[in-house]
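Hi there,

Have a look at it first, then read on.

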Amino acid sequence: MLKGEKNLQLLTEPRRIVITTHHKPDGDALGSSLGLYHFLKKYNHNVQIVVSSDFPDFLDWLPGRSDVIEYPKQAALSSKLLEEAEIIFCLDYSALSRTNILEPLIAGSSAQKWMIDHHLDPEDFADLIYWDSKAAATAQLIYTFISDVLHAEDQIDADIATSLYTGIMTDTGSFRFRNTNAAVHHIIGQLIEAGARNWEIHEQVYNSSSEKRLKFLGYALLNCLEVIPEYNTAFFAISKEDLAQFELTTGDTEGLVNYALSIKGIRLAALIIDRTELIKLSLRSIGDIPCNEICKRYFNGGGHLNASGGSSNESLTTVVETFKSLLPEYKQILTSI
Ligand code: 5GP
Ligand code: MN
(Lines give C-alpha, C1' and ligand atoms only; values in the text may rest on other atoms or scores of the structure.)
(Ligands and ions follow the chains in the order given, each with its own letter.)
Protein backbone atom coordinates (compact mmCIF):
# COMPACT_ATOMS: atom_id res chain seq x y z
CA MET A 1 0.00 0.00 0.00
CA LEU A 2 1.29 3.45 -0.96
CA LYS A 3 -0.47 6.50 0.48
CA GLY A 4 0.54 10.14 0.13
CA GLU A 5 2.39 9.47 -3.14
CA LYS A 6 2.16 13.13 -4.17
CA ASN A 7 4.61 14.00 -1.37
CA LEU A 8 7.32 12.11 -3.23
CA GLN A 9 7.90 15.23 -5.33
CA LEU A 10 9.72 16.66 -2.30
CA LEU A 11 12.63 14.41 -3.25
CA THR A 12 13.21 16.27 -6.52
CA GLU A 13 15.57 18.65 -4.71
CA PRO A 14 18.04 18.12 -1.86
CA ARG A 15 16.31 17.99 1.55
CA ARG A 16 17.21 17.73 5.20
CA ILE A 17 16.27 14.14 5.94
CA VAL A 18 16.46 12.11 9.15
CA ILE A 19 15.96 8.36 9.12
CA THR A 20 14.61 6.87 12.35
CA THR A 21 13.87 3.32 13.40
CA HIS A 22 12.72 1.47 16.50
CA HIS A 23 14.45 1.33 19.90
CA LYS A 24 17.25 -1.24 20.18
CA PRO A 25 17.55 -1.59 16.39
CA ASP A 26 17.86 -5.12 15.03
CA GLY A 27 19.30 -6.25 11.70
CA ASP A 28 16.26 -5.17 9.71
CA ALA A 29 15.93 -1.83 11.47
CA LEU A 30 19.57 -0.94 10.85
CA GLY A 31 19.87 -2.65 7.46
CA SER A 32 16.84 -0.86 6.04
CA SER A 33 17.98 2.47 7.53
CA LEU A 34 21.50 2.19 6.09
CA GLY A 35 20.22 0.95 2.73
CA LEU A 36 17.97 4.00 2.40
CA TYR A 37 20.74 6.26 3.78
CA HIS A 38 23.26 5.22 1.12
CA PHE A 39 20.59 5.58 -1.57
CA LEU A 40 19.46 9.08 -0.55
CA LYS A 41 23.04 10.32 -0.26
CA LYS A 42 23.46 9.70 -3.97
CA TYR A 43 20.96 12.50 -4.59
CA ASN A 44 22.80 15.02 -2.42
CA HIS A 45 20.22 15.07 0.34
CA ASN A 46 21.49 16.04 3.76
CA VAL A 47 20.66 12.70 5.38
CA GLN A 48 21.33 11.34 8.87
CA ILE A 49 20.24 8.29 10.82
CA VAL A 50 19.21 8.94 14.43
CA VAL A 51 18.47 6.00 16.77
CA SER A 52 17.32 5.93 20.39
CA SER A 53 19.86 3.42 21.73
CA ASP A 54 22.86 1.28 21.02
CA PHE A 55 22.54 -1.92 19.00
CA PRO A 56 24.16 -5.37 18.79
CA ASP A 57 27.89 -5.66 18.13
CA PHE A 58 27.22 -8.11 15.31
CA LEU A 59 25.88 -5.18 13.27
CA ASP A 60 28.97 -3.03 13.84
CA TRP A 61 30.56 -3.90 10.51
CA LEU A 62 27.66 -2.59 8.39
CA PRO A 63 28.71 0.01 5.81
CA GLY A 64 27.98 3.47 7.20
CA ARG A 65 27.56 2.26 10.78
CA SER A 66 29.93 4.95 12.07
CA ASP A 67 27.63 7.64 10.63
CA VAL A 68 24.69 6.47 12.76
CA ILE A 69 23.86 8.98 15.50
CA GLU A 70 22.85 7.44 18.84
CA TYR A 71 20.66 9.74 20.90
CA PRO A 72 22.19 8.77 24.28
CA LYS A 73 25.63 9.77 22.99
CA GLN A 74 24.59 12.86 20.98
CA ALA A 75 21.33 14.13 22.43
CA ALA A 76 21.61 17.78 21.43
CA LEU A 77 22.59 16.99 17.85
CA SER A 78 19.82 14.37 17.55
CA SER A 79 17.20 16.84 18.79
CA LYS A 80 18.42 19.56 16.44
CA LEU A 81 18.41 17.27 13.40
CA LEU A 82 14.88 16.04 14.12
CA GLU A 83 13.61 19.54 14.74
CA GLU A 84 15.11 20.96 11.56
CA ALA A 85 14.33 18.00 9.29
CA GLU A 86 12.03 18.39 6.30
CA ILE A 87 11.39 14.66 6.02
CA ILE A 88 11.62 12.06 8.81
CA PHE A 89 11.59 8.47 7.62
CA CYS A 90 10.03 6.04 10.07
CA LEU A 91 11.44 2.61 9.24
CA ASP A 92 10.52 -0.78 10.68
CA TYR A 93 7.96 0.59 13.11
CA SER A 94 4.41 1.83 12.79
CA ALA A 95 3.76 2.92 16.39
CA LEU A 96 5.65 6.04 17.42
CA SER A 97 6.11 4.73 20.96
CA ARG A 98 8.55 2.15 19.57
CA THR A 99 11.10 4.92 19.11
CA ASN A 100 11.27 5.29 22.89
CA ILE A 101 12.99 8.56 23.84
CA LEU A 102 12.71 9.90 20.28
CA GLU A 103 8.91 9.78 20.29
CA PRO A 104 8.21 13.37 21.40
CA LEU A 105 10.95 14.70 19.12
CA ILE A 106 9.49 12.99 16.08
CA ALA A 107 5.90 13.84 16.98
CA GLY A 108 6.85 17.46 17.68
CA SER A 109 8.85 18.02 14.50
CA SER A 110 7.18 19.88 11.64
CA ALA A 111 8.87 17.51 9.17
CA GLN A 112 6.80 15.24 6.98
CA LYS A 113 6.77 11.70 8.37
CA TRP A 114 7.27 8.95 5.81
CA MET A 115 6.60 5.46 7.15
CA ILE A 116 8.00 2.36 5.45
CA ASP A 117 7.08 -0.71 7.44
CA HIS A 118 5.69 -4.24 7.62
CA HIS A 119 4.11 -4.42 11.08
CA LEU A 120 0.39 -4.97 11.61
CA ASP A 121 -2.02 -2.20 12.60
CA PRO A 122 -0.05 0.90 11.59
CA GLU A 123 -0.83 4.10 13.47
CA ASP A 124 -2.11 7.01 11.46
CA PHE A 125 0.64 9.60 11.92
CA ALA A 126 2.47 9.59 8.59
CA ASP A 127 2.20 11.88 5.53
CA LEU A 128 3.43 9.09 3.30
CA ILE A 129 2.91 5.40 4.02
CA TYR A 130 4.53 2.56 2.12
CA TRP A 131 3.37 -0.44 4.05
CA ASP A 132 2.89 -4.16 3.50
CA SER A 133 2.43 -6.56 6.39
CA LYS A 134 3.22 -9.45 4.03
CA ALA A 135 6.71 -8.15 3.32
CA ALA A 136 9.34 -10.29 5.03
CA ALA A 137 11.36 -7.27 6.12
CA THR A 138 11.38 -3.50 5.96
CA ALA A 139 14.60 -3.90 3.97
CA GLN A 140 12.54 -5.71 1.32
CA LEU A 141 10.20 -2.70 1.23
CA ILE A 142 13.17 -0.32 0.85
CA TYR A 143 14.21 -2.41 -2.14
CA THR A 144 10.77 -2.19 -3.78
CA PHE A 145 10.46 1.48 -2.77
CA ILE A 146 13.65 2.15 -4.72
CA SER A 147 12.83 -0.16 -7.64
CA ASP A 148 9.04 0.04 -8.06
CA VAL A 149 8.15 3.42 -6.58
CA LEU A 150 11.20 5.52 -7.44
CA HIS A 151 12.27 3.46 -10.48
CA ALA A 152 15.90 3.77 -9.47
CA GLU A 153 16.94 0.12 -9.21
CA ASP A 154 20.06 0.87 -11.21
CA GLN A 155 21.28 3.04 -8.31
CA ILE A 156 21.55 0.07 -5.94
CA ASP A 157 25.26 -0.29 -5.24
CA ALA A 158 27.22 -2.68 -3.02
CA ASP A 159 26.67 -0.67 0.19
CA ILE A 160 22.91 -0.45 -0.35
CA ALA A 161 22.74 -4.12 -1.35
CA THR A 162 24.78 -5.24 1.67
CA SER A 163 22.58 -3.28 4.08
CA LEU A 164 19.32 -4.54 2.57
CA TYR A 165 20.57 -8.12 2.37
CA THR A 166 21.36 -8.00 6.09
CA GLY A 167 17.87 -6.75 6.92
CA ILE A 168 16.12 -9.43 4.90
CA MET A 169 18.46 -12.17 6.13
CA THR A 170 17.92 -11.36 9.81
CA ASP A 171 14.13 -10.87 9.60
CA THR A 172 13.68 -14.17 7.76
CA GLY A 173 15.96 -16.17 10.09
CA SER A 174 18.36 -16.70 7.16
CA PHE A 175 15.54 -17.34 4.68
CA ARG A 176 13.89 -20.04 6.80
CA PHE A 177 10.74 -18.42 8.22
CA ARG A 178 7.28 -18.58 6.71
CA ASN A 179 7.66 -15.03 5.39
CA THR A 180 10.34 -16.24 2.93
CA ASN A 181 8.79 -16.63 -0.51
CA ALA A 182 9.91 -16.54 -4.13
CA ALA A 183 9.78 -12.73 -4.20
CA VAL A 184 12.25 -12.61 -1.30
CA HIS A 185 14.65 -14.95 -3.06
CA HIS A 186 14.31 -12.97 -6.27
CA ILE A 187 15.23 -9.73 -4.48
CA ILE A 188 18.11 -11.48 -2.70
CA GLY A 189 19.40 -12.58 -6.13
CA GLN A 190 19.28 -8.97 -7.32
CA LEU A 191 21.12 -7.79 -4.20
CA ILE A 192 23.88 -10.34 -4.70
CA GLU A 193 24.21 -9.17 -8.29
CA ALA A 194 24.44 -5.60 -7.05
CA GLY A 195 27.39 -6.49 -4.83
CA ALA A 196 26.12 -8.01 -1.56
CA ARG A 197 28.72 -10.61 -0.57
CA ASN A 198 26.27 -13.07 0.92
CA TRP A 199 28.69 -15.51 2.56
CA GLU A 200 30.59 -12.65 4.22
CA ILE A 201 27.39 -11.17 5.61
CA HIS A 202 26.35 -14.49 7.17
CA GLU A 203 29.83 -14.83 8.64
CA GLN A 204 29.79 -11.31 10.13
CA VAL A 205 26.35 -11.68 11.69
CA TYR A 206 26.26 -15.29 12.82
CA ASN A 207 29.88 -16.29 13.42
CA SER A 208 30.97 -13.40 15.56
CA SER A 209 29.94 -14.49 19.06
CA SER A 210 32.12 -13.78 22.05
CA GLU A 211 33.19 -16.74 24.20
CA LYS A 212 30.99 -15.36 27.00
CA ARG A 213 27.96 -15.30 24.75
CA LEU A 214 28.40 -18.94 23.80
CA LYS A 215 28.94 -19.99 27.41
CA PHE A 216 25.82 -18.07 28.37
CA LEU A 217 23.91 -20.04 25.71
CA GLY A 218 25.01 -23.28 27.32
CA TYR A 219 24.07 -21.97 30.76
CA ALA A 220 20.65 -20.78 29.62
CA LEU A 221 19.83 -24.07 27.86
CA LEU A 222 20.78 -26.00 30.96
CA ASN A 223 19.36 -23.79 33.71
CA CYS A 224 16.81 -21.31 32.38
CA LEU A 225 14.73 -23.32 29.93
CA GLU A 226 11.37 -24.69 31.01
CA VAL A 227 9.27 -26.93 28.80
CA ILE A 228 5.51 -27.30 29.27
CA PRO A 229 4.60 -30.31 27.09
CA GLU A 230 0.89 -30.00 27.91
CA TYR A 231 0.77 -26.74 25.94
CA ASN A 232 3.58 -27.44 23.44
CA THR A 233 5.30 -24.42 24.93
CA ALA A 234 8.83 -23.71 26.09
CA PHE A 235 10.34 -20.58 27.57
CA PHE A 236 13.50 -19.10 29.01
CA ALA A 237 13.39 -16.91 32.10
CA ILE A 238 16.62 -14.94 32.47
CA SER A 239 17.29 -12.99 35.65
CA LYS A 240 19.41 -9.86 35.90
CA GLU A 241 21.94 -11.88 37.90
CA ASP A 242 22.28 -14.27 34.95
CA LEU A 243 22.90 -11.32 32.64
CA ALA A 244 25.48 -9.82 35.00
CA GLN A 245 27.31 -13.11 35.52
CA PHE A 246 28.08 -13.41 31.81
CA GLU A 247 28.63 -9.67 31.23
CA LEU A 248 26.24 -9.77 28.30
CA THR A 249 25.95 -6.83 25.93
CA THR A 250 23.17 -5.70 23.60
CA GLY A 251 22.35 -8.43 21.12
CA ASP A 252 23.87 -11.30 23.11
CA THR A 253 20.43 -12.80 23.80
CA GLU A 254 19.29 -12.35 20.19
CA GLY A 255 18.16 -15.67 18.71
CA LEU A 256 18.01 -17.47 22.07
CA VAL A 257 14.23 -17.80 21.87
CA ASN A 258 14.58 -19.85 18.69
CA TYR A 259 16.29 -22.64 20.61
CA ALA A 260 13.10 -23.10 22.62
CA LEU A 261 11.11 -23.27 19.40
CA SER A 262 13.52 -25.81 17.92
CA ILE A 263 12.38 -28.54 20.33
CA LYS A 264 10.27 -31.10 18.50
CA GLY A 265 6.57 -30.42 19.00
CA ILE A 266 7.03 -26.96 20.53
CA ARG A 267 4.71 -24.43 18.92
CA LEU A 268 5.08 -21.42 21.20
CA ALA A 269 8.33 -20.13 22.66
CA ALA A 270 9.14 -17.21 24.90
CA LEU A 271 12.22 -15.44 26.14
CA ILE A 272 11.53 -13.48 29.31
CA ILE A 273 14.42 -11.29 30.46
CA ASP A 274 14.81 -9.06 33.49
CA ARG A 275 16.41 -5.95 32.00
CA THR A 276 16.24 -4.19 35.41
CA GLU A 277 14.28 -1.17 34.18
CA LEU A 278 11.59 -3.57 32.86
CA ILE A 279 10.92 -7.16 31.92
CA LYS A 280 11.24 -7.71 28.17
CA LEU A 281 9.49 -10.54 26.37
CA SER A 282 10.09 -12.09 22.96
CA LEU A 283 7.53 -14.55 21.65
CA ARG A 284 7.86 -16.87 18.67
CA SER A 285 5.37 -19.39 17.31
CA ILE A 286 4.62 -21.65 14.41
CA GLY A 287 1.36 -21.94 12.51
CA ASP A 288 -1.54 -19.74 13.51
CA ILE A 289 -0.62 -19.15 17.15
CA PRO A 290 -0.93 -15.36 17.49
CA CYS A 291 2.15 -14.05 19.31
CA ASN A 292 1.09 -10.50 18.50
CA GLU A 293 -2.33 -10.93 20.10
CA ILE A 294 -0.78 -12.44 23.23
CA CYS A 295 1.77 -9.62 23.48
CA LYS A 296 -0.88 -6.98 22.92
CA ARG A 297 -3.31 -8.40 25.48
CA TYR A 298 -0.88 -9.28 28.24
CA PHE A 299 2.43 -7.55 27.73
CA ASN A 300 1.81 -4.10 26.32
CA GLY A 301 3.38 -5.05 22.99
CA GLY A 302 2.70 -6.45 19.55
CA GLY A 303 4.46 -7.40 16.34
CA HIS A 304 3.93 -10.10 13.76
CA LEU A 305 1.81 -13.25 14.01
CA ASN A 306 4.81 -15.54 14.60
CA ALA A 307 7.29 -13.08 16.15
CA SER A 308 6.32 -10.45 18.68
CA GLY A 309 7.56 -8.63 21.71
CA GLY A 310 6.34 -6.81 24.75
CA SER A 311 7.32 -5.65 28.20
CA SER A 312 6.11 -5.44 31.78
CA ASN A 313 6.87 -3.49 34.94
CA GLU A 314 6.09 -6.49 37.16
CA SER A 315 8.75 -8.81 38.62
CA LEU A 316 10.27 -11.64 36.60
CA THR A 317 8.38 -14.20 38.70
CA THR A 318 5.05 -12.44 38.13
CA VAL A 319 5.61 -12.17 34.38
CA VAL A 320 6.48 -15.88 34.22
CA GLU A 321 3.27 -16.65 36.13
CA THR A 322 1.23 -14.44 33.80
CA PHE A 323 2.74 -16.18 30.80
CA LYS A 324 1.96 -19.64 32.19
CA SER A 325 -1.55 -18.66 33.22
CA LEU A 326 -2.55 -17.43 29.76
CA LEU A 327 -1.68 -20.76 28.13
CA PRO A 328 -4.97 -22.56 28.97
CA GLU A 329 -6.84 -19.92 27.01
CA TYR A 330 -4.86 -20.88 23.89
CA LYS A 331 -4.87 -24.61 24.60
CA GLN A 332 -6.87 -25.57 21.55
CA ILE A 333 -4.68 -23.75 19.05
CA LEU A 334 -1.50 -24.79 20.88
CA THR A 335 -2.36 -28.47 20.78
CA SER A 336 -4.14 -28.83 17.44
CA ILE A 337 -1.87 -29.84 14.60
P1 5GP B 1 12.04 -9.30 19.32
O2 5GP B 1 11.40 -10.42 20.03
O3 5GP B 1 13.07 -9.74 18.34
O4 5GP B 1 12.47 -8.19 20.24
O5 5GP B 1 10.88 -8.63 18.46
C6 5GP B 1 10.18 -9.39 17.51
C7 5GP B 1 9.16 -8.48 16.84
O8 5GP B 1 8.20 -8.12 17.83
C9 5GP B 1 9.72 -7.18 16.36
O10 5GP B 1 10.04 -7.25 15.00
C11 5GP B 1 8.60 -6.23 16.56
O12 5GP B 1 7.72 -6.37 15.49
C13 5GP B 1 7.85 -6.76 17.72
N14 5GP B 1 8.10 -6.13 19.03
C15 5GP B 1 9.13 -6.35 19.88
N16 5GP B 1 9.00 -5.65 21.00
C17 5GP B 1 7.84 -4.95 20.88
C18 5GP B 1 7.15 -4.03 21.73
O19 5GP B 1 7.58 -3.71 22.85
N20 5GP B 1 6.00 -3.51 21.23
C21 5GP B 1 5.50 -3.84 20.01
N22 5GP B 1 4.37 -3.29 19.58
N23 5GP B 1 6.13 -4.70 19.20
C24 5GP B 1 7.28 -5.25 19.61
MN1 MN C 1 11.47 -5.79 10.50
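Let me start with tyrosine 37, which at 3% relative accessibility counts as buried (buried means under 20% relative accessible area, exposed over 50%, partly exposed in between, with a 1.4 Å probe and protein chains only). Tyrosine 37 is found in helix H1; helices (H or I, at least four residues) and strands (E, at least two) are DSSP runs, numbered from the N terminus. Not counting residues up to four places away in sequence, tyrosine 37 touches Ile19, Val47, Gln48, Ile49 and Asp67, where contact means heavy atoms within 4.5 Å. Glycine 287 is 250 residues from tyrosine 37 in sequence, and their C-alpha atoms are 35 Å apart in space.

A word on conventions before going further. This is a predicted model, in which local features need pLDDT of at least 70, side-chain atom pairs count only at pLDDT 80 or more, and totals for chains, interfaces and linings use all residues. Residues are numbered from 1 along each chain as its sequence is written, chains are lettered from A and ligands numbered from 1 in the order in which they are written, and side-chain values use heavy atoms, with hydrogens and water left out.

Helix H1 (residues 27-41) also holds leucine 40, which is buried at 2% relative accessibility. Leaving aside its neighbours within four places in sequence, leucine 40 is in contact with Leu11, Ile17, Ile19, His45, Val47 and Phe89. Arginine 15 is 25 residues from leucine 40 along the chain, with 9.7 Å between the two C-alpha atoms.

Now to the ligand, which I expect you will want to see. Which residues come nearest to ligand 1? Of the 13 residues around ligand 1, these are His119, Lys280, Ser282, Arg284 and Gly302; a residue is near a molecule or strand if one of its heavy atoms lies within 4 Å of it.

- Histidine 119 has a polar side-chain atom 2.6 Å from an oxygen atom of ligand 1.
- Lysine 280 places a polar side-chain atom 2.9 Å from a nitrogen atom of ligand 1.
- Serine 282 has a side-chain N or O atom 2.6 Å from an oxygen atom of ligand 1.

On its own, ligand 1 has 490 Å² of accessible area, and the protein covers 79% of that (areas come from the Shrake-Rupley method with a 1.4 Å probe; for residues, only the protein chains shown count as cover). Strand S11 (279-285), strand S12 (302-303) and strand S13 (307-312) each supply at least two residues of the shell around ligand 1. The largest share, four residues, comes from S13. By class, the shell has one nonpolar, nine polar and three charged residues; Ala, Val, Leu, Ile, Met, Phe, Trp, Tyr, Cys and Pro count as nonpolar, Asp, Glu, Lys and Arg as charged, and the others, Gly among them, as polar.

Next, the loops. Threonine 180 lies in the loop between helix H5 (158-171) and helix H6 (182-193) and is buried, with a relative accessible area of 17%. Its side chain makes a polar contact with the side chain of asparagine 179 (3.4 Å). A polar contact is a pair of N or O atoms within 3.5 Å; within protein, one must be able to donate a hydrogen and the other to accept it, and residues adjacent in sequence count only if both atoms are side-chain atoms. Beyond residues up to four places away in sequence, threonine 180 touches Thr172, Phe175 and His185.

Phenylalanine 175 is found in the loop between H5 and H6 and is buried, at 19% relative accessible area. Although it is not a glycine, phenylalanine 175 has a positive phi of about 65°. Asparagine 300 is another non-glycine residue with a positive phi, near 55°; it sits in the loop between helix H11 (291-298) and S12 and is exposed, with a relative accessible area of 66%.

Finally, the cysteines. With a disulfide taken as a pair of cysteine sulfur atoms within 2.5 Å, the count comes to zero disulfides. For cysteine 224, the nearest cysteine sulfur, that of cysteine 295, is 20 Å away. Cysteine 291 is in no disulfide, and its nearest cysteine sulfur, also that of cysteine 295, is 6.5 Å away.

Best wishes
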